[in-house]
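This report goes through one protein chain, from its overall make-up to selected side-chain contacts. The sequence and the structure come first.

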Amino acid sequence: MVGRRSRRWSADDPEQPGVAARVDPVCPLCERPIPPRARSSLHHLTPKLKGGTHRGTVRLHQICHSAIHARYSEAEIANRLAEVDALRTDPEIARFLAWVRGKPDDFHAATRMTRDRRTSRRKV
């Protein structure tokens, strides 16, 4: 007799005949696949603090998600960058995207806050 777990795992096995290979999701920002070993997170298109609790989310690489929040405030994301296309075409994040597209799909590095945002936070 086969247990529930082994049945579930065998159904996901691409070696089994008739089972299609799993396709990795694609990060809508950098347009690279997100393999299972890569760090990823859900990004609220409209920040939760600005009313986006029950609105759309997208799965992004963690480095892409961190880059968004390092460069823009919650208000700026809610007002003008609440769509992936708007984010992708913004010149500040476009430079980052050009750089990260040359990296492996599971690449991750620590993301620092931009100098402009660091100095503005100190003044407060």
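## Overall make-up

Helices (H or I, at least four residues) and strands (E, at least two) are taken here as DSSP runs, numbered from the N terminus. On that basis the chain has 6 helices and 2 strands. Read from the N terminus, the order of the elements is α-β-β-α-α-α-α-α. The model is a predicted one.

The chain has 124 residues, and 28% of them are buried. Its exposed surface comes to about 8,600 Å², with 50% of that supplied by carbon and sulfur atoms. Of the contacts between residues at least 6 apart in sequence, 55% join residues that are at least 24 apart.

How many disulfides does the rule count? The count is 0. A disulfide would need two cysteine sulfur atoms within 2.5 Å. For Cys-30, the closest cysteine sulfur is that of Cys-27, at 3.7 Å, which is too far for a bond. For Cys-64, the closest cysteine sulfur belongs to Cys-30; the distance is 3.8 Å, again too far for a bond.

Cys-30 is buried, because its relative accessibility is 2%. Cys-64 is buried as well, with a relative accessibility of 0%.

## Aromatic cluster

The whole structure contains 2 aromatic pairs. One of them is formed by Phe-96 and Trp-99: the ring centres are 6.0 Å apart and the planes meet at 45°, so this pair is tilted. Both residues belong to helix α5 (residues 91–100), where Phe-96 and Trp-99 are 3 residues apart, or about one turn of the helix. Trp-99 also pairs with Phe-107; here the centres are 5.7 Å apart and the planes are at 75°, so the arrangement is edge-to-face. Phe-96, Trp-99 and Phe-107 thus make up one aromatic cluster.

Which of these residues are buried and which are partly exposed? Phe-96 is buried, at a relative accessible area of 8%. Trp-99 is partly exposed, at 43%, and Phe-107 is partly exposed too, at 24%.

## Salt-bridge network

The search of the whole structure gives 6 salt bridges. In one of them the side chains of Arg-88 and Glu-31 meet, with an N to O distance of 3.7 Å. Arg-88 is partly exposed, with a relative accessible area of 25%. Glu-31 counts as partly exposed at 47% relative accessibility.

Glu-31 also forms a salt bridge with Arg-101, where the closest N and O atoms are 4.0 Å apart. Arg-101 lies in the loop between α5 and α6 (115–123) and Glu-31 in the loop between α1 and β1, so the pair ties together parts that are 70 residues apart in sequence. Arg-101 is partly exposed, at 38% relative accessibility. A further salt bridge joins Arg-88 to Asp-85, with the closest N and O atoms 3.2 Å apart. Arg-88 and Asp-85 are both in helix α4, at a separation of 3 residues, about one turn of the helix. Through shared partners, these salt bridges connect Glu-31, Asp-85, Arg-88 and Arg-101 in one network.

Methods. Residues numbered from 1 in each chain as written. Predicted model: local features only at pLDDT ≥ 70, side-chain atom pairs only at ≥ 80, totals over all residues. Heavy atoms only, no water. Buried < 20%, exposed > 50% of the residue type's maximum accessible area, 1.4 Å probe, protein only. Phe/Tyr/Trp six-rings, centres within 6.5 Å; stacked < 30°, edge-to-face > 60°. Contact = heavy atoms within 4.5 Å. Areas by Shrake-Rupley, 256 points an atom, 1.4 Å probe, with all protein chains shown as cover.
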